[in-house]
There are 2 protein chains.
Amino acid sequence: MKENKYDDATFFDKYSQMDRSQKGLEGAGEWHELQKLLPDFHGKRVLDLGCGFGWHCRYAVEQGAASAVGVDISEKMLEGARSRTDSSAVRYVRAAFEDIDFPAGSFDVVISSLAFHYTPDFSRICAKVRECLTAGGDFVFSVEHPVFTACGTQDWVYDGEGKPLHWPVDRYFIEGKRETRFLGEEVVKYHKTLTTYVHTLLTGGFELTGLVEPQPAPELLHTVPGMEEELRRPMMLLVAARKR
Amino acid sequence: MKENKYDDATFFDKYSQMDRSQKGLEGAGEWHELQKLLPDFHGKRVLDLGCGFGWHCRYAVEQGAASAVGVDISEKMLEGARSRTDSSAVRYVRAAFEDIDFPAGSFDVVISSLAFHYTPDFSRICAKVRECLTAGGDFVFSVEHPVFTACGTQDWVYDGEGKPLHWPVDRYFIEGKRETRFLGEEVVKYHKTLTTYVHTLLTGGFELTGLVEPQPAPELLHTVPGMEEELRRPMMLLVAARKR
């Protein structure tokens, strides 16, 4: 992504404290569902767009992938990724994921976790991914859910006592820039409709193989404070597709 | 649908006054998008689940379908359908669409317009449709959007002056019964998540071929009062699938 909030020192420090940064995949609330959508990695060449600290690249190699390439625009994220990686099968490339230019058919699997809501142009992503994927290759990604990104506030509407009343949806069909707050910092994201994600895939040479709005893992539901609110609105959308 | 509000005289009279009842397909705001998802009807055997006044059955035959069967549980709707139909290629059957029992492979196309949010069990529908569809047959349907059905109020949150502030989403992952108001009457609907609609198709022997959240036709946007609000939240979900 060309948006590079992750090289902002304050934001990066806060992000680094999140469970998903400290604990990796097991610290990510959606991992139990994303994992089910991933293909068999054995012998595969894997690309991760917006790889962050490289958790998914290392997971792919642990699961038997022949190689994994992580792409991220944030130098700080890539430093963090390299310091956590000791496999020579994983390499990291600094680039905006909209601008990747790998040879045709370079990869068997392309994954991306919570990155595409930072770009306005999903059809460009689809075209780039399709080009570098081999025929029959898998494309699995997560994004913030359109219900979560539509309004732009990315927050509940509260009653007078600070209790969440409901989640507001507005401007759903007005796609584009949203100035949101994440970890107390201003972050620019790009709202896209569900139609844009799915229809762009279907008309862009992909077959849809999976679509899941993840709910919290049952064991977290009654142990993590506030987790029950996660049943009230969808926060993420997980999508699996295959190149025709 | 076993829900049969349409045989309630007051509700039926109000429904009969709606544009979609008076003007047919052209009076339905989503028709311009649904039409694009429909297959070539030429020579096809068509089934319409929750056929109402039979507009889609007659359209299919006008477009060259060999035959069309409309299923609805409401006797009043079927009377209205029969009185509007003069083609012997169209016939109507009174039944709950959850209970259809046509021979395997009886139809080439199954359509349904705004009916499945009246049933709690979409996997049952998928299984029934798959059974009566021929291999490679098309299944195209519209439903109220999960964003529209989640909360249950089916209404905006307003400010003190009656201006819509935003659309509330709540209880998204709590599927099931919603007691809503439609045309001033109490109507029971069943909320389902997007995941339930799409995942049930993908795992139930269908390929997804289209998914659209319809926006108002451009010519209606600035001419019909209140139509601009329709850009603020998705109201319907249109889905096209093909039997594998």
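This is a predicted model: local features need pLDDT of at least 70, side-chain atom pairs count only at pLDDT 80 or more; totals for chains, interfaces and linings use all residues.
1. Setting aside residues up to four places away in sequence, B:F12 touches B:Y6, B:F53, B:K76 and B:M77. You will find B:F12 in helix 1 of chain B, which covers residues 9-17. Is B:F12 buried or exposed? Its relative accessible area is 12%, and buried means under 20%, so B:F12 counts as buried.

2. Next, have a look at the nonpolar core. In soluble globular proteins, nonpolar side chains tend to be buried together. Here the largest nonpolar core has 84 residues. Which residues have the most contacts inside this core? They are A:L47, A:F139 and A:L201, along with B:L47, B:F139 and B:L201.

3. Leaving out neighbours within four places in sequence, A:L201 is in contact with A:F122, A:C126, A:F139, A:F141, A:F206, A:L208, A:V239 and A:A241. Why is helix 8 of chain A, residues 194-203, largely enclosed by the rest of the structure? Because eight of its ten residues are buried. Just after this helix, A:G205 takes a positive phi of about 90 degrees.

4. Now for the place where the chains meet. On chain B, 35 residues are in contact with 34 residues of chain A. Together the two chains bury about 2800 Å², with 60% of that on carbon and sulfur atoms. Of the area that chain B buries against chain A, 23% comes from B:V169, B:F173 and B:E213, more than from any other three residues.

5. There are polar links to find too. Four salt bridges cross the interface of chain B and chain A. If you want a pair to look up, the side chains of A:R232 and B:D170 meet in a salt bridge, at 2.7 Å from N to O. Between chain B and chain A, 21 residue pairs are in polar contact, with both residues at pLDDT 80 or more.

6. Which elements of chain B give two or more residues to the side that touches chain A? They are strand 7 (164-169), helix 8 (194-203) and strand 10 (206-212). Strand 10 gives the most, with six residues. By type, the residues on this side of chain B divide into 19 nonpolar, eight polar and eight charged.

Note on methods. Residues are numbered from 1 along each chain as its sequence is written. Chains are lettered from A and ligands numbered from 1 in the order in which they are written. Side-chain values use heavy atoms; hydrogens and water are left out. A nonpolar core is a set of buried Ala, Val, Leu, Ile, Met, Phe, Trp, Tyr and Cys residues joined through side-chain atoms within 4.5 Å. Buried means under 20% relative accessible area, exposed over 50%, partly exposed in between (1.4 Å probe, protein chains only). Contact means heavy atoms within 4.5 Å. Buried area is the accessible area (1.4 Å probe) that two parts lose on being put together, summed over both. A polar contact is a pair of N or O atoms within 3.5 Å; within protein, one must be able to donate a hydrogen and the other to accept it, and residues adjacent in sequence count only if both atoms are side-chain atoms. Helices (H or I, at least four residues) and strands (E, at least two) are DSSP runs, numbered from the N terminus. Ala, Val, Leu, Ile, Met, Phe, Trp, Tyr, Cys and Pro count as nonpolar, Asp, Glu, Lys and Arg as charged, and the others, Gly among them, as polar.
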